[in-house]
Amino acid sequence: MTQVPDPQPTGDELLKVFAALGNPHRLRIVAALVSGGRDYVSRLARELGIGRPLLHMHLQRLEAAGLVTGSLELAEDGKAMKYFEVTPFAYTLTPDIVAAAARTITEEEETVKEKAK
């Protein structure tokens, strides 16, 4: 697993994390990976009761925010399987941390809104 992120995230990093976790499917994905451990897309989709394409899109958002990591592996039968696991993360939110992060935002407001969808 990778290292825990910097406790003083930039505004852009914090926005990516908030956007990634601001969806019930993505919260359930993180919860499933925490409780069940590392898993591959097809099994995770069955467990969560959502389609693989939708799950993959949500996993991409979580991965872009640094909350999960994926790795492609070959099964014994030669089939490629993408496994995902939660990366360690911990964020402390205080008014001062939010204010400091806000001063470092470089993304345009409209771009942030589009990415949050």
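These are my notebook entries on a predicted model.

**Ground rules.** I number residues from 1 along each chain as its sequence is written, and my side-chain values use heavy atoms, without hydrogens and water. Because the model is predicted, local features need pLDDT of at least 70 and side-chain atom pairs count only at pLDDT 80 or more, while totals for chains, interfaces and linings use all residues.

**Confidence.** I looked up pLDDT, the predictor's confidence in each residue, from 0 to 100. The chain has a mean of 87, and 85% of its residues reach 70 or more. Helix 2 (residues 24–36) has the highest confidence, at 96, and helix 6 (residues 109–116) the lowest, at a mean of 54. Helices (H or I, at least four residues) and strands (E, at least two) are DSSP runs, numbered from the N terminus.

I found three strands in an open, antiparallel sheet, in the order 1-3-2. Strand 1 (39–40) and strand 2 (68–74) are the edges, each pairing on one side only. Two strands pair if DSSP finds at least two bridges between them. Strand 1 and strand 3 (residues 80–86) are joined by two bridges; tyrosine 40 has tyrosine 83 in strand 3 as its bridge partner.
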